[in-house]
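Please examine the sequence and the model displayed below.

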Amino acid sequence: MKLKLLMALLCSLTWLNTAHAARYISDDVYAYLHAGPSNKFRILGSIKAGETVTELARDPQTKYVHIRDAEGRTGWVEGEFVQNTESFRSKAAKLADSLKTTKEQLSSVDERHEQDIVDKTNRLQLQDQALAEQQIELDQLRAQHDKLESENLRLTSLMDDKEHRIRLDWLINGGIVAGIGALVGFLLPLIPLRRRRRNQGRWMN
């Protein structure tokens, strides 16, 4: 009698621990949902392989599991069709969703990367264009500088020639003036002597 009570207590504790736990129907099986904890009870429907169900209770004798499916139906299925680990189909669906999300993220990254490349290419083209314009302007300034330097050299040469001619003119004019002065200084003393000689001849006659 004590042994029966102990077994009943253990069964009740096992039911409390497993109640409302998430379980999964095994892959590649076609489980029937019965009205009671054996195949003697009428069939209420079927459970898809890999479907997630909620465990409500277990029958220790028949090993049937009382479950609730995603549609809210309750019934009993064979315990060998119920597993604790997530089914392959459930994992596959999650992996498919994760793969889809990853592809979308990669596509978004690729789009941003391509847009970044386009933006950098456009900036480089603008910089190259600005550099080419600055190079043209620099060449023009160099040509203008060379032209101004050549004109400056020409004007400097002309100025030097003009100064040389002015100095030469001053030298020539100074020489002429000096020559005229010397000639006048040489001739002036001769003029009075002739007059005196003429006057002396008149007086002697």
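Which residue in S5 does Glu55 stand opposite? Glu55 stands opposite Ile67 in S5. The model is a predicted one, in which local features need pLDDT of at least 70 and side-chain atom pairs count only at pLDDT 80 or more, whereas totals for chains, interfaces and linings use all residues. Residues are numbered from 1 along each chain as its sequence is written, and side-chain values use heavy atoms, with hydrogens and water left out.

The chain contains three helices and seven strands; helices (H or I, at least four residues) and strands (E, at least two) are DSSP runs, numbered from the N terminus. Along the sequence, the elements follow the pattern α-β-β-β-β-β-β-β-α-α. Of the contacts in the chain with a separation of 6 or more, 52% are between residues 24 or more positions apart, a contact being heavy atoms within 4.5 Å. The chain has 205 residues, and 17% of them are buried. Here buried means under 20% relative accessible area, exposed means over 50%, and partly exposed lies in between (1.4 Å probe, protein chains only).

Two strands are said to pair if DSSP finds at least two bridges between them. Strand S4 covers residues 52-58, and S4 and S5 pair in the antiparallel sense over four bridges. Their hairpin has five residues between the strands, and within this hairpin Lys63 takes a positive phi near 65°. Lys63 is a residue other than glycine and lies in the loop between S4 and S5. Most residues other than glycine have a negative phi.

On the S6 side, S5 is joined to strand S6 (residues 74-78) by five bridges, and the two strands run antiparallel. Among the pairs, Arg68 stands opposite Thr74 in S6, and His66 has Trp76 as its bridge partner in S6. The hairpin of S5 and S6 also has five residues between the strands, and here Gly72 takes a positive phi near 90°.

The largest nonpolar core has nine residues in all: Ala31, Leu33, Ile47, Val53, Val65, Ile67, Val77, Phe81 and Val82. Strands S2 (31-34) and S5 (64-68) are the elements that give two or more residues to this core. A nonpolar core is a set of buried Ala, Val, Leu, Ile, Met, Phe, Trp, Tyr and Cys residues joined through side-chain atoms within 4.5 Å. In soluble globular proteins, nonpolar side chains tend to be buried together.

The chain exposes about 16,900 Å², of which carbon and sulfur atoms supply 59%; accessible areas come from the Shrake-Rupley method with a 1.4 Å probe, and for residues only the protein chains shown count as cover. Leu168, Leu171, Ile172, Ile176, Ile180 and Val184 make a nonpolar surface patch of about 540 Å². Such a patch is made of residues with over 30% relative accessible area and no salt bridge, with nonpolar side chains (Val, Leu, Ile, Met, Phe, Trp, Tyr) joined within 5 Å. One of its members, Ile180, lies in helix H2 (residues 88-187) and counts as partly exposed at 48% relative accessibility.

Charged contacts complete the description. Five salt bridges are found in the whole structure, each being a side-chain nitrogen of Lys or Arg within 4 Å of a carboxyl oxygen of Asp or Glu. Glu55 forms one with Arg58, the closest N and O atoms being 2.7 Å apart. Glu55 is buried, with a relative accessible area of 0%, while Arg58 is partly exposed at 34%. Arg73 forms a salt bridge with Asp69, again with the closest N and O atoms 2.7 Å apart; Arg73 is partly exposed at 29%, and Asp69 is buried at 5%. In helix H2, Arg154 and Glu151 lie three residues apart, about one turn of the helix, and their side chains meet in a salt bridge (2.4 Å, N to O). Arg154 is partly exposed at 43%, as is Glu151 at 35%. Salt bridges that share partners also join Asp69, Glu71 and Arg73 into one network.

Methods: Patches are made of residues with over 30% relative accessible area and no salt bridge: like charges are joined within 9 Å, nonpolar side chains (Val, Leu, Ile, Met, Phe, Trp, Tyr) within 5 Å.
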